[in-house]
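Dear colleague,

I am handing over the structure that we spoke about, with some notes on what was found in it. Please have it open beside this message while you read.

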Amino acid sequence: MWPDTRITDLFGIELPILQAPMAGSHGSELAIAVSEAGGLGALPCAMLSIDKIRAEMGVIRQRTNRPVNLNFFTHTNPEPDAAREAGWRRRLAGYYAEFGLDADNIPAGPGRNPFDEAACEVVEETRPEVVSFHFGLPEPSLLGRVKATGAKVIASATTVAEARWLEAHGCDAIIAQGAEAGGHRGIFLEDDIASQPGTMALVPQVVDAVSVPVIAAGGIADHRGVAAAFMLGAAAVQIGTAYLQSPEALTSSGHRAALAEARDDRTVLTNVFTGRPARGLVNRIVREVGPMSLEAPAFPLATGAIAPLRKHAEAAGSVDFSPLWAGQAAALGAAQPAGQFTRDLAAETLRLLSRR
């Protein structure tokens, strides 16, 4: 028996294990596998068109009747800054010359889609059991429409202040995202990543600060991490990096190889890929241009100029210009089917907790 069943009861799931939505790294296959195993599968929508979201949800609904989470970003696309874009292109010009690419034809565009009217309509149409947000919450009118569908709303907090804000603005549960977590930081009330707490420090303070259930995230990859999260007061965990090596994930072969050799001291927070801090494994572009670059355009506009370099390098079998998102516990991950991993993780955690 789980020591806290608030999340399983709230979402109608069997296991207090949420699969983190990882934009670009997975789609419906991983979500289905985790949901069918009894956890909460997630579909990341920030890099999908509206038609693709609808199609992926169609596949999910055909293959499982278990609850699923649709995840969205809530950023505001910045106004283009010609001077900053020009500076970023100058910073990357040497790589374009090295690869023989035309620096005058760098694609423009955001690369990540914020939650908007069209996305809200898809939520109303497909009616996911859970809707999660990153970088805060959407405007009240859109949030109200999401909640009117009956979906439970959750969002990431990287500080106690953010957790309190999310609860005050209608979240049914809060993801406490420690600094160890892979991928984009969910920070939205400030921009000082240097002072952000780790999971061990963040979770109990968020638990004490809010009345809604808390989901621990960041540095959790095996049964020891899950058990520790419950000891800290969490009612569930969200796991991302540990799923990236599963066969259901869309993780590239180069990214998988990097994960297989991951170490605890080989991830950093970097903004060179999107313009916003995200944790990943160090590669050439991160080492030479970042990790944090003052020249990178605001999120998500940095993506455009990196994309041709990434495409060229990957075609040659290199991940030197690819975002290798990973958390600090990446080395604890294993390449096994997501459903098996989810069930084994739950069973091993319960055995460990029963020894208390």
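The notes below go through strands, a helix, a loop residue, a histidine and the cysteines.

Please keep in mind that this is a predicted model, in which local features need pLDDT of at least 70 and side-chain atom pairs count only at pLDDT 80 or more, while totals for chains, interfaces and linings use all residues. Residues are numbered from 1 along each chain as its sequence is written, and side-chain values use heavy atoms, with hydrogens and water left out.

I begin with strand S6, residues 173-177, where helices (H or I, at least four residues) and strands (E, at least two) are DSSP runs numbered from the N terminus. Five of the five residues of S6 are buried, buried meaning under 20% relative accessible area, exposed over 50% and partly exposed in between, with a 1.4 Å probe and protein chains only. Ala173, Ile175 and Gln177 point one way from S6, whereas Ile174 and Ala176 point the other way, and all are buried.

S6 runs parallel to strand S5 (residues 152-157), to which four bridges join it; two strands are taken to pair if DSSP finds at least two bridges between them. Ala176 in S6 is the bridge partner of Ala157. With helix H7 (residues 160-168) these two strands make a right-handed β-α-β unit, right-handed meaning that, with the strands pointing away from the viewer, the path from the first strand over the helix to the second runs clockwise. S6 also pairs in the parallel sense with strand S8 (residues 214-217), over four bridges, and there Gln177 has Ala217 as its bridge partner.

Elsewhere, an open sheet of three strands has the order S7-S11-S10 with antiparallel pairing, and its edge strands are S7 (183-184) and S10 (267-270), each of which pairs on one side only. Four bridges link S10 and S11, and Thr270 has Ala278 in S11 as its bridge partner.

Strand S11 (278-281) is also part of what covers the buried residues of helix H10. In H10 (residues 253-260), His255, Ala258 and Leu259 are buried. They lie on the same side of H10 because they cover an arc of only 100° around the axis, the arc being that of the directions from the helix axis to the C-beta atoms. Ser253 and Ala260 are exposed, on the face of H10 turned away from its buried side.

Val319, in the loop between helix H12 (303-315) and helix H13 (338-354), touches Gly254, His255, Asn283 and Leu324, not counting residues up to four places away in sequence; contact here means heavy atoms within 4.5 Å.

His75 is found in the loop between strand S3 (68-73) and helix H4 (82-99), and is buried, with a relative accessible area of 8%. The side chain of His75 makes a polar contact with that of Asn77 at 3.2 Å, which is to say a pair of N or O atoms within 3.5 Å; within protein, one must be able to donate a hydrogen and the other to accept it, and residues adjacent in sequence count only if both atoms are side-chain atoms. The His75 side chain also reaches the backbone oxygen of Arg112 at 3.4 Å.

Finally, the count of disulfides comes to zero, a disulfide being a pair of cysteine sulfur atoms within 2.5 Å. The closest cysteine sulfur to that of Cys45 is in Cys120, 12 Å away, too far for a bond.

With best wishes
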